[in-house]
Amino acid sequence: MSRHAFFKRWAVLGGTTLALALGSSATWAEQYTVGFVPKLVGIPYFAAMKQGMDKAGKQFDMKIVYQGPSSADVAQQVNIVSSLINQGVDAIGVAANSPTAFGPMVKKARDKNIVFYSTDSQVDADGNQLRVSQVNDKALGYKVIDVLAAQLKANTGKTSGKVAFVSGGSTATNLNTWIKFMKARLADKYPDIELVDVQYGGEDVTKATNITNQLISAYPDLDGIVGVNTTSVPGAAQAVLTSGKKGQIAVTGITDPNTIRPYVMNGTVNKVVLWNPIDLGYLTGWGVKQLLEGKSFKPVNDVPGLGKVKYDEQTKTLLLGPPMVIDKSNIQMDF
Amino acid sequence: MATPASSGLNWPSWINVSVRELLLVVGVIVITAGISIGSSGNFWAASNLTNLMISTAITLVPAIGMTVIIVTGGIDVSVGSMLGLVAVAGGTAFEYGLGLAAATPVFLIAGAILGLINGALITYGRVPPVIATLGTLSVYRAAAFLFLGNHWITMIPPSVTETMVLTQPLGVPVAVWIALVLLALGMVFLARLPRGRHIFAIGNNENAARLNGIPVERIKLAAYTLTGVLVGVAALMSLGHSPMVQTTTGTGFELTVIAAVVLGGTELTGGRGSLLGTLLGAILVGLVQNGVVLLHIQPFWSGVVLGVIILVSVGSATVRRND
Amino acid sequence: MNRIDWTGRAPVLLVISLITLIGVSIGAPGIWSTDNLFAMGVLAVEIGIIALGQTFVINTGGIDLSVGAIFALAQVVMGLAMVGGVPWPLAVMLGLGVGVLCGLVNGLATVWLRVPAIIVTLATMFAFSGLALVITSGIDVSGFPEGFAVLGQGTIGSVPLQIVAIYLPLLVLLAVVQWRTRFGRLVHLTGTNTLAARLTGIRIGRVQIATFVIAGGLAALAGAINASRLTTARPDAGATDNLISIAIVVLGGSSIFGGKGSVVGTALATLVIALVNYGLSFNNLNAIYQSGLIGLILIVAVLMQNIMLSIQQRRAAAT
């Protein structure tokens, strides 16, 4: 797989150079061009979303332009959005690193009659025409805590103990929202589980490993760790593994199968929670196409290939579906 | 002058302890005591000590090469991207099914090549070290991205972690032993061998060194290449510590390494420096980063504390010099 | 003495910009529109202002690794002040004050402790960005009064305000300072030969401190424009600006050892960098390749200059 990725990179770069030389600006008359700016490039999660968007692009005849910053930096995102707007795309959307930084860009896009949407991590602006949400934030936060509680019970025989959260960027809005709902679930349903600390490791597995190691030392009687983003769960699992606490400290959280596979296979992690990012990308592509064609959404929509998808008129949100639990039985999924 | 620093103590000359280093030892003890008390003794948990030692070793190994480079009057700000690109190369070797022993040369050779490029630009291209390595900092990162694309390498064989971290002769992980052996070799080399003295001579006065027949260019080239190799070693250790390669692996690592060397009393103007100081500097940096969670505060504080410690430490050295 | 050095990096820079221009225009002829020009300008202004300050520091033989951290600290301070009810012009002044203060800390530590600027600003970079995170708990600040938007989103005619009303006047002012004032000459002398400057009675410490204060203040100004443009102040902003600003200054012909260089050269280099960044982005080439290409340009520019120089020397030796 990696070898292919490697050669593909070269092929893509070579191809791009060729396209540059030949002049690639020619666009097909009726085909819509849709820009998508992920939080950052170079990570498998957004590559999977892109895969889904490309699928929708092929199916609904749209050209998808995927371009993002090299680190989760909203200033770089805004620069890219600005360039895409000036390129004259028909729709532009982001997975926002900061919900408030896109206001002026949304206005600029709308002034030029360009559709603006957000997906995965939303934009707070009145002009934002569509939000595509992977999962109900509340359902996700609750699910993660339920999985954690079940794991604690399996380890110790009771749903009580001390747990810590390791999150990614402290400024990431969606991660903070999930943390909020996780805390709420703990307070409502599991009063005997005590949250002792929330720490941030950025989008970096080494930092997550270090921070979890320190958490394990700082709280010697820690019973569980929740990783809130893709890199935190494997980082936490590695720290638990090397400190010899496998089976004593429950590790779960929100991450993708490719990243967590080694730890599920060796038993450090039993279950994690996610959604299907390929489907999320596909749903985003479908939603944007509806907007471009001037169609409106119904409370429940029939999306080809996905089935029934709910739409909330008030927040203009398409909702992919319930969270998905990943364990040994479905860890072979490739994203 | 031509040797690291003088001392009145009658120890073997390669264990050359200066006042600066004694101060650093005091600093390490004070901070350790502070964290021990603040964490109600949790600092001494085996898992924490292992983690601290591994993180320090990963900083220390490239810092040995960085010390040599800085003593010659140069600097290498590209080690973070170098670590990332080497990890990509080595990680790819693992993905092709190579075992730890077979993949190790890949790490070392990749590091050597990248270091050699830096060195060649600086010596034969006569590009100032800051500029050359600032350039390769972004070029190497772009290259890592080019090779890796949107893919992360997660299938690092468990034997890497088992060998580097979990195997602990005398309670100390193998990675740390490797770092200590490399450090000892470096100390003997700098203090005992003619080549070591040449390095200080270059830093003190490059032209004079050249006139005295010291092969300045070749030594500098070797220093950058050596640092590349050491970054390769650090990359392998770091995959034992957290077995995953991202496109961003190693980002900002150069700052940690340079901070350790500078804290250790090696002067950026060249000609003065000590590896013992670098060891203490690496421990100090490791402690500061380790302490925050143990003291139940947010990691944001580590930056503030590290900055203040560097200023105080470097400043106190100046105040003493003036006395 | 302080003019652009046409035998040095300037021609290399010119060639690079021409190649970029041609490449970018072939790739996407649509780039030649005022919209794109302004977007590029907006992109250039913030890093360009930081680089202007960096020029002065580097020309005295120093370096400032903390400008990105000051950029972030100043913007979150003014952001928090505005959210706390302080009128925006006052909050901006407060932020600029923080920048000046940070620069003063850098300058005083460099001069009093006699520690190389690179170490001092490495330390303050950790400290300032740590402070920015601490005072915000690491969370973005937003919800600013409407008036504040003028700095980063205002226009004069249809031209972005920050280009014509902030950057260009600032560039003219600093060029005059550099070429026509005693301070400009002192900066140059300090960088050319610190010892000689000291012997001739120049209080080089004061000159060095002044350059750090300028760099700090300008980084804060750039931070204000950035926060206004994004309607958000971010404690982790500007992380890459330290190194990019140094790259720009060196590309613009300044010697990293001090003495040689000009703000006009820096401005030209800023333009080239913005062109590369925006042009590649417009051709949908990834951001990481943009910074890789800039790194390559930096190395090639200095290498080319060295090669040209050695050819010249060889010719001189032959005649």
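Biologist: Where does B:His296 lie?

Modeller: B:His296 lies in the loop between helix 12 and helix 13 (300–322) of chain B. Helices here are DSSP runs of H or I with at least four residues, strands are E runs of at least two, and both are numbered from the N terminus. This is a predicted model: local features need pLDDT of at least 70, side-chain atom pairs count only at pLDDT 80 or more, and totals for chains, interfaces and linings use all residues. Residues are numbered from 1 along each chain as its sequence is written, while chains are lettered from A and ligands numbered from 1 in the order in which they are written.

Biologist: What is the phi of B:His296?

Modeller: First the general idea. Most residues other than glycine have a negative phi, and most peptide bonds are trans. B:His296 has a positive phi near 60°, and it is not a glycine. B:Leu170 also has a positive phi near 60° in a residue other than glycine. B:Leu170 sits in the loop between helix 6 and helix 7 (174–192) of chain B.

Biologist: Are they buried or exposed?

Modeller: Count C-beta atoms, placed from the backbone, within 10 Å: 20 or more others means buried, 12 or fewer exposed, and in between partly exposed. B:Leu170 has 5 others, so it is exposed. B:His296 has 13 and is therefore partly exposed.

Biologist: Which class does A:Leu215 fall into?

Modeller: A:Leu215 counts as buried because it has 23 C-beta neighbours inside 10 Å. It belongs to helix 7 (residues 205–218) of chain A.

Biologist: What is A:Leu215 in contact with?

Modeller: Contact means that the C-beta atoms of two residues, placed from the backbone, lie within 7 Å. Leaving aside neighbours within four places in sequence, A:Leu215 contacts A:Ala164, A:Asp197, A:Gln199, A:Leu222, A:Ile225 and B:Val293.

Biologist: Now sheets. What is the strand order in the open sheet of chain A?

Modeller: Two strands pair if DSSP finds at least two bridges between them. The order in this eight-stranded open sheet is 2-1-3-4-5-13-12-11, with mixed pairing. Strand 2 (62–66) and strand 11 (300–303) stand at the edges of the sheet in chain A; each has a single partner strand, so one side of each is left without a neighbour in the sheet.

Biologist: Which way do the pairs run?

Modeller: Strand 1 (residues 32–37) and strand 3 (residues 91–94) of chain A run parallel, joined by four bridges. There, A:Phe36 has A:Gly93 as its bridge partner. Strand 11 of chain A pairs with strand 12 (residues 307–312) of chain A in the antiparallel sense over four bridges, and A:Val300 stands opposite A:Lys310. Strand 12 of chain A also runs antiparallel to strand 13 (residues 317–319) of chain A, with three bridges. A:Tyr311 faces A:Leu318 in strand 13 of chain A.

Biologist: What about the hairpin turns?

Modeller: Strands 11 and 12 of chain A have three residues between them, and A:Gly305 takes a positive phi near 90°. Strands 12 and 13 of chain A have four residues between them, and A:Lys316 in the turn has a positive phi of about 55°.

Biologist: How is chain A divided into domains?

Modeller: Domain bounds come from an automatic or database domain assignment. Chain A has domain 1 (2–134 + 276–320) and domain 2 (137–274). Their C-alpha centres lie 30 Å apart. Six residues of domain 1 and nine of domain 2 of chain A make the contact.

Biologist: How many residues of chain C touch chain B, and which classes are they?

Modeller: The contact takes 36 residues from chain C and 35 from chain B. Helix 5 (117–136), helix 11 (241–251) and helix 13 (287–318) of chain C each give two or more residues to the chain C side. Helix 5 of chain C gives the most, 13 residues. Nonpolar covers Ala, Val, Leu, Ile, Met, Phe, Trp, Tyr, Cys and Pro; Asp, Glu, Lys and Arg are charged; the others, Gly among them, are polar. The chain C side has 27 nonpolar, eight polar and one charged.

Biologist: And how many residues of chain B and chain A are in contact?

Modeller: Chain B gives 36 residues and chain A gives 38. The chain B side has 15 nonpolar, 20 polar and one charged.

Biologist: Last one. Which residues touch the most other members of the largest nonpolar core?

Modeller: Such a core is a set of buried Ala, Val, Leu, Ile, Met, Phe, Trp, Tyr and Cys residues joined through C-beta atoms within 7 Å. The largest has 327 residues, and B:Val86, B:Ile310, C:Leu73 and C:Leu298 touch the most other members. Helix 10 (residues 204–230) of chain C supplies the largest share, 16 residues. Both domains of chain A give residues to this core, so it lies between them.
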